[in-house]
Amino acid sequence: MKLKPEIQKEIQTTQEKQLKNALKLLSGSDKKALTAFLQSGQVPGSKPFKNLKPNVQKTVLKLNITNVEIVIKRTRNPIIKWRYKMAMFSYGSLLKSTNKELEKTKKR
């Protein structure tokens, strides 16, 4: 689906803000992994995504969830809204599983 320019601009500005905050919190190797993943154009749930550390996975999922929230907020078509709500649900479940993995690694 082709997004309107104002939606794309809003998504880009929020992504830039989130990336700045996330890069402050991540270590050097995590920063490299995050930028490499984002530049590769892979999607969450893919094989390269599963190979990332849980912190990087969490950051990627948060970026995608905010993007989907923006699209849902700005779209009027109910079918497209439903489609993006399903995507948000799947990203949310991936985020929950990533949080569980993070807790397991912290306990060790």
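## Basis and overall fold

This is a predicted model, in which local features need pLDDT of at least 70 and side-chain atom pairs count only at pLDDT 80 or more, while totals for chains, interfaces and linings use all residues. Residues are numbered from 1 along each chain as its sequence is written, and side-chain values use heavy atoms, with hydrogens and water left out.

The chain holds five helices and zero strands, and from the N terminus its elements follow the order α-α-α-α-α. Helices (H or I, at least four residues) and strands (E, at least two) are taken as DSSP runs and numbered from the N terminus. Along the principal axes, the C-alpha atoms of the chain fill a box of roughly 45 × 25 × 20 Å. Of the 108 residues in the chain, 32% are buried, where buried means under 20% relative accessible area, exposed means over 50%, and partly exposed lies in between (1.4 Å probe, protein chains only). Among contacts between residues at least 6 apart in sequence, 58% join residues at least 24 apart, a contact being heavy atoms within 4.5 Å.

## The nonpolar core

A nonpolar core is here a set of buried Ala, Val, Leu, Ile, Met, Phe, Trp, Tyr and Cys residues joined through side-chain atoms within 4.5 Å. The largest such core has 20 residues, and those with the most contacts inside it are Ile7, Ile11, Phe49, Val71 and Tyr84. At least two residues of this core come from each of α1 (5–25), α2 (28–40), α4 (54–74) and α5 (78–107), and α4 gives the most, with eight residues. Not counting residues up to four places away in sequence, Val71 touches Leu3, Ile7, Ile11 and Tyr84.

The 21 residues of α1 should span 30 Å at 1.5 Å a residue, and the end C-alpha atoms are 30 Å apart, which agrees; the expected span is 1.5 Å times one less than the number of residues in the helix. Ile7, Glu10, Ile11 and Ala22 are buried in α1. Viewed down the axis of α1, these buried residues fall within an arc of 95 degrees, so they line one face of the helix, the arc being that of the directions from the helix axis to the C-beta atoms. The buried residues of α1 pack against α4, whereas the face of α1 turned away from its buried side carries the exposed residues Pro5, Lys9, Lys17, Lys20 and Lys24.

Helix α5 has 30 residues and reaches 43 Å from its first C-alpha to its last, close to the 44 Å expected. Its buried residues are Ile80, Tyr84, Tyr91, Leu95, Thr98 and Leu102, and the buried residues of α5 likewise pack against α4.

## Salt bridges

Side chains of opposite charge can pair when their charged atoms come close. With a salt bridge defined as a side-chain nitrogen of Lys or Arg within 4 Å of a carboxyl oxygen of Asp or Glu, the count comes to three.

| Pair | Closest N to O distance |
|---|---|
| Lys73 and Glu10 | 3.1 Å |

Glu10, Lys73 and Arg74 are linked in a network of salt bridges. Lys73 is exposed, at 57% relative accessibility, and Arg74 is partly exposed, at 39%. What are the accessibility classes of Lys53 and Asp30? Lys53 is partly exposed, with a relative accessible area of 46%, while Asp30 is buried, with a relative accessible area of 7%.

Thr75 lies in the loop between α4 and α5 and is buried, with a relative accessible area of 11%. A polar atom of the Thr75 side chain lies 2.5 Å from the backbone oxygen of Val71. Leaving aside neighbours within four places in sequence, Thr75 is in contact with Ile80 and Lys81.

Technical notes. Polar contact = N/O pair within 3.5 Å; in protein donor to acceptor, adjacent residues only side chain to side chain.
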